[in-house]
Amino acid sequence: MLVLLAVHALAAVLAPSLVRALGRRALYLLALAPAAALGWALTTATATETHPWVPQLGLEVALHMGALGRLMVVLVGGVGALVLAYSARYFAPDDAGLGRFAALFVAFAGAMLGLVVADDLLLLYVFWELTTVLSYLLIGHDAARRAGRRAALQALLVTTFGGLAMLVGFIVLGEHAGSYRWSVIAGDLPSGPLLTVAAVLILLGALSKSALVPFQFWLPAAMAAPTPVSAYLHAAAMVKAGVFLVALLTPAFAVSAVWQAVAVTAGLATLLYGGWRALREHDLKLLLAYGTVSQLGLLVAVLGTGTRTAALAGAAMVLAHALFKSALFLVVGVVDHVTGTRDLRELSGLGRRMPALAAVGVLAAASMAGLPPLAGFVGKEAVFAAFATGAPLDTAVLAGLVAGSALTVAYSARFVWGAFGGAKPSEALPPGPALLAPAALLAAAGLAAGLAAPVVDGLLAPYAAGLPGPGYHLALWHGLSVPLGLSAVAVTAGAAVFAATRRRSRDAAERPPAGTAAYDRLMHGVDRLAVELTGATQRGSLPFYLGVILLVMVVLAGVALLAGAPWPVALRPWDTPLQAVVGAVVAVAAIGAARAHRRLTAMILVGVAGYAVAVLFILHGAPDLALTQALVETATIVMFVLVLRRLPATFSERPLRGSRLVRVAIGVAVGAVAAAMAYVAAAGRQARPVSLGFPDLAVSYGGGDNVVNVILVDIRAWDTMGEISVLVVAATGVASLIFRRSADLRQRAPAPPPGPGTGWLRTATGAAQQSIVLQVVTRLIFHVIVLFSLYLLFSGHDAPGGGFAGGLVAALALAVRYLAGGRDELNAAAPVDAGKVLGTGLFVSVGTGLAALPFGGQILQSAIVDLHLPVLGHVHLVTSTFFDIGVYLIVVGLVLDILRSLGAEMDRQMSEPEEAA
Amino acid sequence: MTPNLVYVLLVGVLFATGVTLLLERSLTRVLIGVILLGHGANVLILLGGRAGDAPIVGATPEEGMSDPLPQAMILTAIVITLGMTAFLLALAYRSRHLVGHDEVQDDVEDRRIMVLAERDEGPGTADTSDEHVRGSA
């Protein structure tokens, strides 16, 4: 079965190319996919397959085809193939949407196939929603028509709503039963109120999919679809999915009284409503659509009952309905094709002009009306027999069914009369045999199924076996029985109704199906709610959003903190009194920065805070942190200086004192909560630090003495990997914000050196505002600093330093060169593209991480190599050093990018005339 | 574990000042707020490990070492803040360049919807664009 699904998927993928290459003939080729499914189902009685899918979730592709599944596969495959063959003649050869249609149609057939053979309920749901989405695309085939778009969306929303309810029902059921395999659940169905909940939810899905009351309105609207789509989706396939689900679950669920009550009530109501509306339509296709609604109601009512006879009758009706209704849709398509209209008030004389078409139509309609010896008759007899038990409830249902059958006879007659009757001769050209053949085949199959009723009985009986009730058999002749009498009553009454109504009902035309208004109101309400809700919450103001988020944090964390009272009591003022002094500096600087009016003041104060934090790190015993913090602070100041020259000296002050107070209030609240959290978390801590074993691990596995560095490049190297990736992204973001045109990005690479001269200090020429002395000094110390950065890089494994610190030192050396001599000096110092440095760094880091794989290690695992080299003596080499080299390169690349963007490119833009912006 | 009072107070001050600035409209102030918040978060993480001497095997006996794990986390955080600072500065410059100042403006589209909601106007039925589509097809 998986092979068949794969064949459909492949055919769907290839369809557009095939249609492009072969034109509409390609549809014949594509029809082979559903035809293969048909062939397989005809030759296979039952089948079961299981393939692993998502073992972590317990999901598997569990497929099972029993008697019911087999019937559905035959219908899905057979009708699908015939409708595709029909479409090859129905669409114009130059129809631009044909490739899309073919792909979607075959994909739909595949999804439908998967739906009816899925054993796992979740898998069934997946296919169920696939059919929903594909039907949306198929109904909206003609996207330029508003009616088509609207109908497609309506069908999508209604069936998805039901589908979601069904999913919840499946989950309730599956969790309750401990399995999602229907073959497992069915044998051991749990009972209780949860089962009722699941039953109702699943029925919601089935009712919405099969367009039963109160969801009936979407199906007539979906007639905006091309006729082949209607013939397949709205007669044989998609709408049958709900019926199939009811049929599949009823044998087990019939114990639930709710299931029976809902299915039978909704079914009967739909049967009568659909039949009544069908009698009032002028559009043949709409007439059929309401007829379908009516018949789907009948099917659900019968299949939801849960007796053996009813199940058999329902299955027979599913077969009969698929055959006659798709045939009739195809006939309507032919009529539309040859005459250009589907309005039965305009059609006339077609019966005489096209006897073959009329014969097909009459044969199919007769099956619909339930006349012998057709499949419809056999099915209807069985339906009547199922309820002719004499029990009061059954008799009431039977009355409804007979009334529905009478309406069916009436609208069948109306169809034949409307399509083929009339005395006025027609001028239309008869259809070619290729267009007519599929419909003829389907109608003939309905006749064959009627004549061969015992064979059909043998095929469908396994489905009904095991259900309670007498051993009824499908047959054309049961003797002079009650059902036969009821059939006669229905036909007579139907003929009378037709005679009474065929001249009337002009007024009802163009009325939208009942329920449309409610749907519109609902959608309008949703739209309105969305506007109001968005308007109320999306104020468009960033401070507002942040304030809300922070207040939520204050409230949640504050409540949690208060609930956790009393707090543990454990506090010491400091590790060393010096911390209090430095801490006071940080606090004062931070408060000052928050109050500053001048940008420069704020920047200096925040720098002070940063350096003071570095001192705190030293006092804490964290030299690596102190080093990095001090270097980063310096780099930050450089960047600030570069950008602040383009910004106004003072912040624009807003006169709103109130809003400022609110900000401070929120800030103080957040600060208080954060401090309280910090205290409670630290004071309440019981667990021993995980890092207790790190020093030993660092030496034995990481091959280094500096524990912090080993953590960075080995123990938690994945974190570092993520972090340097963020740095690359940030650098790229900075560059793309500053370089206004992508062509300017070439400036990220160094420009050719200006002037003809070579030699030392050649770039210093002409830079009048720059100090030569400063340039010379920076050149003198530049290489020393770079050397020092390399020392930090390589010694970092055992002593304070490492890739971050080393990279920052080298980057600051570049910054000094730039500050002293401008962009040419920077280019002379680093004649490389910043992007390439970043890329190389990432490549080296990732490459080092992956290098362990070929040797059977894990990603980012380090190896330690001790070598004795002739000159250098003992060399202790750890592979993670290369990872650190990557980090070093990325940090250098980041700062180089910043210098080129915020520095050099900004210089260039500032020297440009203003109108360039 | 016994928390260090200086750190606890510092976390409070840094978060309070940082958040206050974060709620401003000027991007430079927002940026300074981010930096201060970053310091606050770093001190908060620092609280999670004991103080001591440099965590370097050989230089410090293991009992006297400060906890290295929070340090490694803070180290990455510091460098990330550098990247973040650069990005926000570039954003501020860009904003100044394009609109003449570095203030975060209200989202125009959001404001429009807000006004619609207040006036009880806005989308009624979902799809009314038929003529347009036909016209362009």
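Predicted model: local features only at pLDDT ≥ 70, side-chain atom pairs only at ≥ 80, totals over all residues.
What pLDDT does chain B average, and what share of the residues score at least 70?

Figure 1. Chain B averages a pLDDT of 83, and 88% of the residues score at least 70. Among the elements of chain B, the highest mean pLDDT, 94, belongs to helix α1 (residues 5–22), and the lowest, 38, to helix α5 (residues 130–136). The pLDDT is below 50 over residues 125–137 of chain B, a stretch that has 16 contacts in the model beyond near neighbours in sequence. For the model, the ipTM is 0.87 and the pTM 0.70.

**Figure 2. The interface of chain B and chain A.** Contacts link 99 residues of chain B with 121 residues of chain A. About 9,600 Å² is buried between the two chains, and carbon and sulfur atoms give 70% of this area. Of the area that chain B buries against chain A, B:L23, B:L82 and B:Y93 supply 8%, more than any other three residues.

**Figure 3. Polar and charged pairs between chain B and chain A.** The two chains are joined by 2 salt bridges. In a salt bridge between B:E24 and A:R660, the side chains meet at 3.7 Å, N to O.

**Figure 4. Elements on the side of chain B that touches chain A.** Two or more residues each come from α1, α2 (27–46), α3 (68–99), α4 (108–119) and α5 of chain B. The element that gives the most to this side is α3(B), with 24 residues. By residue class, the side of chain B that touches chain A comprises 54 nonpolar, 24 polar and 21 charged residues.

**Figure 5. Spans of chain B listed as "transmembrane region" in UniProt.** The unreviewed UniProt entry gives this feature for residues 6–23, 30–52 and 72–93 of chain B. Residues 6–23 of chain B are 94% helix and 0% strand, and the end C-alpha atoms of this span lie 26 Å apart. Residues 72–93 of chain B are 100% helix and 0% strand, with end C-alpha atoms 32 Å apart.

**Figure 6. The span of chain A annotated "domain: MrpA C-terminal/MbhD".** An unreviewed UniProt entry places this feature at residues 585–648 of chain A. In the model, the span is 86% helix and 0% strand, and its end C-alpha atoms are separated by 28 Å.

Technical notes: Residues numbered from 1 in each chain as written. Chains lettered and ligands numbered in written order. Heavy atoms only, no water. UniProt positions renumbered as here; feature names shortened; annotations may be inferred. Helix = DSSP H or I, 4+ residues; strand = E, 2+ residues; numbered from the N terminus. pLDDT = per-residue confidence, 0-100. Contact = heavy atoms within 4.5 Å. Buried area = accessible area lost by both parts, 1.4 Å probe. Salt bridge = Lys/Arg side-chain N within 4 Å of Asp/Glu carboxyl O. Polar contact = N/O pair within 3.5 Å; in protein donor to acceptor, adjacent residues only side chain to side chain. Nonpolar A, V, L, I, M, F, W, Y, C, P; charged D, E, K, R; others polar.
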